[in-house]
Amino acid sequence: MRSTGSKPIFFFKWLFLLATSVVVSSFSVSAWAQQQPTYKIAIESDDIVSRTIFDRVGDTLDLSIRYVYYPSFSAVLDAIASSEADFAANVTYTPARAERFDYSSPTNIEYTYLFSLTPIQFAQVNTVGIPAGTIYGELIKEAYPDIDQLTYYGTQEAKNLLRLGRVDAVVDAINQLKPMLSDGFDAELLNDDLSIRPVSLIVPKGQHAELLRQVEQVAKSADVQKALREQVQQYQFDLLQQSLRDDITRASIDTQSPLLVKLENLAPFNHYQANGDIVGITADVVMRSCDILQLTCQVLSTADESWQSMYDDFKNGEIDLLGPLTVSQERQAFTNFVTPHYFPEAIMVKRKGYKHGVYNNVSELIVERIGVVRGDFFDELLSYLLPQKALHYFRNADDMVNALIKDQIDYIPLDRANYNFMMRKDDSLPIENDEEIGPFYRSDIALGLAMNDRGKALAPFFERALSMIDMPSIINRYDKQPNWRSTFDLQQEFSQRVTTSLILLFIVAVVTALYLNHIAKVDNLTGIYNRRALMRRFSKGIPEDNMLIYLDIDKFKRINDTYGHSFGDEVLKRVANQIRQDWLGHAYRIGGDEFVLIGRHTVNGLDTMLQSLGSLSLEHETGEIEISVSIGVVNVEEHKSSLDEVMVKADSLMYRMKRTSQTTKKTPLNEISERPLNNS
């Protein structure tokens, strides 16, 4: 017979065992947690780089991480040297430091900034503040020995040095970006001005050797490197954007009233899509700037509105912003221009096959029928270049192109980017660029704000917003080179040469192919290679350890206008001959007065060539005429860098030099190069 109390007794035994198990398990977990070490990471405030690295390290290696904040970089190093902390990141190797702690191999770059009261270029600095305990002083002394240095301790002292005018600028790492921007200081990235050395992880001397190796591998992984780049870019953008928005608020600018905008329907600047969106270089710049500035930008224009209508509304103050707008002296009287963001070449376009090789310059088109869009910049420019000539006016670019095709006019001016867009869209159009005339003007494309108090107040903020936008990616998206019809044209020529004799056909084809290949690659004036040869040779990129030099003759248009185009041709030949004499690599004339050089060269050899180019002169009946050039130099350090990417960088450096009115005779190589050059 079962006892009636057996079930309750069994239940209480089971409950006791369960409770005992939970207590033992909890004790085991607690004991494991106590045994798991916590690693202290020495870090300064707002050090996004260190946090990104060690957050990923903790997750990947299942480590317990605790960040310990220190007031300065020197304090971080002291904490590691004394074993007060276990790890630190962003430390440049020096022999003296290697005696205090152990290093990993380099894991990342150090993002370094120049902070100042107002925007300033590093080359303009006379006295600079250097944070104590860093190697910035050595780097600056090596590259810029004439700049005086003052050492400071901590962010507050750096701010005081700037406000008291004791230094022109201070140098510091990315962790100082937030406190400096929040106090209204300007920040310029210095990594392209100084040879910033890579940085490593450090640990106390003789400690964590195996763990340091594991942490280093995680830090070097593709995931961490990508996350590091993205986090830093986003961090910089967020800080700059917030600083800009705060400054607008402090300036008491009305951001609630819509900014009235009109955008000309002209690809690749603006293209009105069927769904109502507007895309293009100018459209993207306007919309991204408005988003950064938290402005409501209201586009009032339509796809079929004429340029003249938009232009009149802008001049009459009925809209706030117009784009794209080519900068000119006349327009500056009623426009607050933002710094130009795009510089397309102007070319003359004709019907395919029309008067080949007849003209060399726009000024010679006296007897031709020339079309322009009424009121646009080419109307103003050609009226100046061809005085007293009656131009044929059209409402928009499409009407003008159609008139050219229908033989109602003979020539039209277009930006090369607009022409490229048309040919990509339909390469069967019976029009072509008159290569003999070539590019005859380089436009400065900008946003135009109305000449009123609001436009004047907003212009500098739009300039700051533009500096935050990735312009090369926008331009590359919309200004793509067309798939030229060379193969199609060669096939046509080949078909015209067909004869009944197969032997004659073969001979003619071979001779023709060789001849066309030669003339297609060589500039007929200077005898050096042309743009097409450049594009063909480096279509797959520029090999590493090469340099690209972008060269532009200063005031070439003035030379043509003053001494005549035949003398201008002699100037081009003189520069080309000097390049041939001194340059060991490939040389190309890519249009007008612009040359591109690609190859390997020593610093001394490059300096000799630049000095030769900087001392050119040519005899004229009025006397000896000096010739100067502006250049930009980019070293290719990554395997097979894109030609377009490198040319954009070199072109930007060249125009930076031109804008500051420098010449090769006065400019150190490091100031016209993307980064300091190696003497090898």
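Mentor: Let's start with what the labels mean: strands are DSSP runs of E at least two residues long, helices are runs of H or I with at least four, and both are numbered from the N terminus. This is a predicted model, by the way.

Trainee: Why does S252 count as exposed?

Mentor: Exposed means over 50% relative accessible area. S252 has 66% relative accessibility, so S252 counts as exposed.

Trainee: How does D407 count, then: buried, partly exposed or exposed?

Mentor: Buried needs under 20%, exposed needs over 50%, and partly exposed is in between. D407 comes out at 39%, so D407 counts as partly exposed. Its phi is positive as well, near 65 degrees, and D407 lies in the loop between α13 (397-405) and β20 (411-415).

Trainee: What makes α2 roughly perpendicular to α8?

Mentor: The axes of α2 (residues 48-61) and α8 (residues 209-220) cross at roughly 110 degrees and come within 9 Å. Angles of 65 to 115 degrees count as roughly perpendicular, so that is the name for how α2 lies to α8. The crossing is right-handed.

Trainee: Which residues make the contact?

Mentor: From α2 you have I53, F54, R56, V57, T60 and L61, and from α8 there are L211, Q214, V215, V218 and A219. By class, that's 8 nonpolar, 2 polar and 1 charged residues.

Trainee: Last one: how do you know that the side chain of R454 makes a polar contact with D254?

Mentor: A polar contact needs a pair of N or O atoms within 3.5 Å. Here, a polar atom of the R454 side chain lies 3.1 Å from the backbone oxygen of D254. R454 belongs to helix α15, residues 453-468. Beyond its neighbours within four places in sequence, R454 is in contact with D254, S257, P258, L259 and D320. R454 and L259 are 195 residues apart along the chain, with 9.8 Å between their C-alpha atoms.

Key. Residues numbered from 1 in each chain as written. Predicted model: local features only at pLDDT ≥ 70, side-chain atom pairs only at ≥ 80, totals over all residues. Heavy atoms only, no water. Buried < 20%, exposed > 50% of the residue type's maximum accessible area, 1.4 Å probe, protein only. Axes fitted to C-alpha atoms, helices over the stretch in contact; angles between N-to-C directions. Parallel < 35°, antiparallel > 145°, perpendicular 65-115°, else oblique. Left-handed = near helix turned anticlockwise from the far one by under 90°. Contact = heavy atoms within 4.5 Å. Nonpolar A, V, L, I, M, F, W, Y, C, P; charged D, E, K, R; others polar. Polar contact = N/O pair within 3.5 Å; in protein donor to acceptor, adjacent residues only side chain to side chain.
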